Amino acid sequence: MLRILGLWLFCAGLWLVLSGYFNIPLLLVFGALSCALVVFIAWRVEKADPEDQPLHLKIGPQAILYWPWLVWQIVLANLDVAKRILDPKLPISPTMIKLKPTQRSEVGQVIYANSITLTPGTITASLSDGVLEVHALTQEAADSLLEGDMDRRVTALERSNA
Amino acid sequence: MTWLIDLLSGLALLGGVFFVIVGGVGLVRMPDFYTRMHAAGITDTLGAGLILLGLMFQGGWTLVTAKLLLILIFLWLTSPTASHALFKAALADPSNSQPLLYKEPPSSNS
Amino acid sequence: MFAATALGILVCMVLAMARALLGPTVYDRIMAVNAFGTKTVLIIAVLGFMTGRPDFMDIALVYALINFIGTIAVLKFIRYGDMGWPRNMPDEPDNF
């Protein structure tokens, strides 16, 4: 019940931001009704799909620390890849590596895989049975992933959620 | 105060255009499909991010900025998903070539 | 300033279009069209500021959504040859 209310509040906030109508009662009522319809459809879909698991993400201190760190890593990786693209010799060394993430929950592993893909220079090729296959543009990028700094941080993020 | 905001937004836009164009050049220059995906990643992350940041400086504290922030969050959530789906599909296709992998050069010249 | 930004994005769109036309494999083309779509989102946003019409942001947002869904749909079509039922479900939907 709390989740349904939370979903409705989220939809209503999104509706307010996207529409920009704050003081026309008729439109506000229409917005509230359409959010309720969306929540109803979501509830029906959830009942029909047995695989669906609700996403539990809580904002903890680790979560607040992780996203700025990720943005900073993205900036660094962007600069590195841009330098290599503009280099006339094109100094790339594509590598495929396998990683074993230490996160226990699926959400944690997905956050880790998405973070890897979001960082330019490394793309997750597959995630199955707790093994990640990663394609890296350079061996340096692959090595820095194998060091496992990002893995530790995502695991810490997951701990703070649990 | 406005000149400072204009300067910041101009710098962000300039940086964004730089990364967007570098991503485009990489898209053309890279030797095989799998390495091209990394070049596309540059445009999707920092290129788009900096351009939208520059526009946000111009928008100020309005709904437009909120919408730009939503666009940015959405792009950063979906682009890894799309990249991953594309990469996996390309890798699983037997008619498609496997990624070029780097081999240690025999001599010392890089 | 916005005009210069739009010009830069257009240059990159030309490069992406070149890759879409050259691309030896179908995946190259999909990737190029995906990158093209991302840049379309950016250029719509920039054009909205250039012409002083902030309503364009809504169009940009919707375009970002459609770009993602379109990429996934085309990939699914190429992988399976149709957009139909999930593989692990019975052919006949009886409980929907």
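Two strands are taken as paired where DSSP finds at least two bridges between them. The structure described here is a predicted model. On this basis, chain A holds an open sheet of three strands in the order 1-3-2, with antiparallel pairing. Strand 1 (95-99) and strand 2 of chain A stand at the edges and each has a single partner strand, so one side of each lacks a neighbour in the sheet. Averaged over the sheet and with direction ignored, neighbouring strands are turned by 20° against each other.

Strand 3 of chain A, residues 131-136, runs antiparallel to strand 1 of chain A and is joined to it by five bridges. Within this pairing, Leu99(A) has Leu132(A) of strand 3 as its bridge partner. Strand 2 of chain A is also antiparallel to strand 3 of chain A, with six bridges between them. Here Leu132(A) is the bridge partner of Leu127(A). Strand 2 and strand 3 of chain A form a hairpin with two residues between the strands, in which Asp129(A) takes a positive phi near 55°.

Two helices are placed against this sheet. Helix 5 of chain A (residues 139-147) packs on the sheet and touches strand 1, strand 2 and strand 3 of chain A. The direction of helix 5 makes about 5° with that of strand 1 of chain A. Helix 2 of chain B (residues 33-59) lies across strand 2 and strand 3 of chain A, and runs at about 85° to strand 3.

Strand 2 of chain A also takes part in lining the second largest pocket, which has a volume of about 550 Å³. The lining consists of 17 residues, and those closest to the pocket centre are Thr81(B), His84(B), Ala85(B), Lys88(B) and Ala89(B). At least two lining residues each come from helix 4 (106-118) and strand 2 (122-128) of chain A, helix 3 (63-92) of chain B and helix 3 (56-80) of chain C. The most is given by helix 3 of chain B, with six residues. By class, the lining divides into nine nonpolar, five polar and three charged residues.

Gly20(A) follows helix 1 of chain A and has a positive phi, near 80°.

Methods: Residues numbered from 1 in each chain as written. Chains lettered and ligands numbered in written order. Predicted model: local features only at pLDDT ≥ 70, side-chain atom pairs only at ≥ 80, totals over all residues. Heavy atoms only, no water. 1 Å grid on protein atoms, 1.4 Å probe; cavity = no way out; pocket = protein on both sides within 12 Å on 5 of 7 lines; lining within 4 Å. Points joined across faces, edges and corners; volume = space filled by probe spheres on them. Helix = DSSP H or I, 4+ residues; strand = E, 2+ residues; numbered from the N terminus. Nonpolar A, V, L, I, M, F, W, Y, C, P; charged D, E, K, R; others polar. Axes fitted to C-alpha atoms, helices over the stretch in contact; angles between N-to-C directions. Contact = heavy atoms within 4.5 Å.
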